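Let us walk through this structure step by step. Keep the sequence and the 3D view side by side as you read.

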Amino acid sequence: TYAITNGHLMVTGEAENPQEIVNGTIIVRDGRIIAVGENITVPENAEVFDAGGMPVTPGLFSPYSGLALEEISLDQESNDRSVSDSHFAASLRAADAINPDSTVIPVSRAGGVTRAFTSINAGSSQFAGCGALIVLDASLDPVIKACAAHVANLGYAGARRAGDNRAASIAKFRRALRDAEDYAIDPYSYNQRPLEGRLNTD
């Protein structure tokens, strides 16, 4: 059990009416917050951290990143975020390349980031596979959810990969979803189609 005292607490609330508690206290037990507010009684056995009036916020979330995939972008040996060309771009899984020893993790955590969605940049492909949800707690297995969301490049990023046209990128995206549905219903029949009857996702 530990307590953070004398903190300027930024409590989660409505965006237009965020709550703040000046000179507030937070009590944490077994990794969970059990009390927040003013005039909170600190348990006798708690380790106390005096915030000295500094802001205390919930952990920040990085919604789209290359955390734990990329150390230095110009060093390919330590860069698993980008792939120049892959016929398997849509099936890539960022979780397969997560580096729990990445030096970017403690740096980001020191800045207040405690969780992140991290994904691969699939280069010339419109589809970038499955991004992972990770926790930045210095654990050997930071992956919370290995396939949190599939990533597709739309807008101009998608247009550049589909003849430099936004409408073409949306059409390609819709076709990919339809092909995936067809394959899920009957993989054998789908595989019997001639190649020109299948979507090229490169």
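**A sheet, its cores and a few single residues**

Phe 61 stands opposite Arg 115 in β7. Keep that pair in view as a starting point. The model is a predicted one.

The wider setting is a sheet. Strands pair through backbone hydrogen bonds, either parallel or antiparallel. Here, four strands form an open sheet in the order β6-β7-β8-β9, and the pairing is mixed. Strand β6 covers residues 60–65 and β9 covers 143–152. Both stand at the edges with a single partner strand each, so one side of each has no neighbour in the sheet. From one strand to the next, the twist averages 20°.

Now take the pairings in turn. Strand β7 spans residues 113–118 and pairs with β6 in the parallel sense. Four bridges make up that pairing. Strands β7 and β8 run antiparallel, and four bridges join them as well. In this second pairing, Thr 118 stands opposite Ala 132 in β8.

Is Ser 62 buried or exposed? Its relative accessibility is 17%, so Ser 62 counts as buried, since the limit for buried is under 20%. Leaving out residues up to four places away in sequence, Ser 62 touches Leu 67, Val 113, Arg 115, Ala 116 and Phe 117.

Next come the nonpolar cores. In soluble globular proteins, nonpolar side chains tend to be buried together. The largest core in this model has 13 residues. Those with the most contacts inside it are Leu 67, Ala 68, Leu 69, Ile 98, Ala 116, Ile 134 and Leu 136. The sheet contributes to this core: β7 and β8 each supply at least two of its residues. Strand β8 covers residues 127–135.

Which residues does Ile 98 contact, beyond its neighbours within four places in sequence? They are Leu 67, Ala 68, Leu 69, Thr 118, Ile 134, Pro 142 and Val 143.

Turn now to the backbone. Most residues other than glycine have a negative phi. Two residues here go the other way. Asn 6 has a positive phi, near 55°. Asn 6 lies in strand β1, which covers residues 2–14. With a relative accessibility of 30%, Asn 6 counts as partly exposed. Asp 30 also has a positive phi, of about 55°, although it is not a glycine. Asp 30 sits in the loop between β2 (17–29) and β3 (32–37). Its relative accessible area is 75%, so Asp 30 is exposed.

How many salt bridges does the structure hold? It holds one. Asp 179 forms it with Arg 175, and the closest N and O atoms are 2.8 Å apart. Both residues lie in helix α3, which spans residues 166–185. They are four residues apart, about one turn of the helix. The two partners can be set side by side. Asp 179 has 5% relative accessibility and counts as buried. Arg 175, with a relative accessible area of 25%, is partly exposed.

Finish at Asn 153, in the loop between β9 and α2 (155–159). At 13% relative accessibility, Asn 153 counts as buried. What does the side chain of Asn 153 reach? It reaches the backbone oxygen of Ser 125, at 3.3 Å. Setting aside residues up to four places away in sequence, Asn 153 touches Ser 125, Gln 126, Gly 158 and Arg 161. The C-alpha atoms of Asn 153 and Ile 170 are separated by 9.7 Å. Along the chain, these two residues are 17 residues apart.

Notes
Residues numbered from 1 in each chain as written. Predicted model: local features only at pLDDT ≥ 70, side-chain atom pairs only at ≥ 80, totals over all residues. Heavy atoms only, no water. Pairing = 2+ DSSP bridges. Axes fitted to C-alpha atoms, helices over the stretch in contact; angles between N-to-C directions. Core = buried A, V, L, I, M, F, W, Y, C linked by side-chain atoms within 4.5 Å. Buried < 20%, exposed > 50% of the residue type's maximum accessible area, 1.4 Å probe, protein only. Contact = heavy atoms within 4.5 Å. Salt bridge = Lys/Arg side-chain N within 4 Å of Asp/Glu carboxyl O. Polar contact = N/O pair within 3.5 Å; in protein donor to acceptor, adjacent residues only side chain to side chain.
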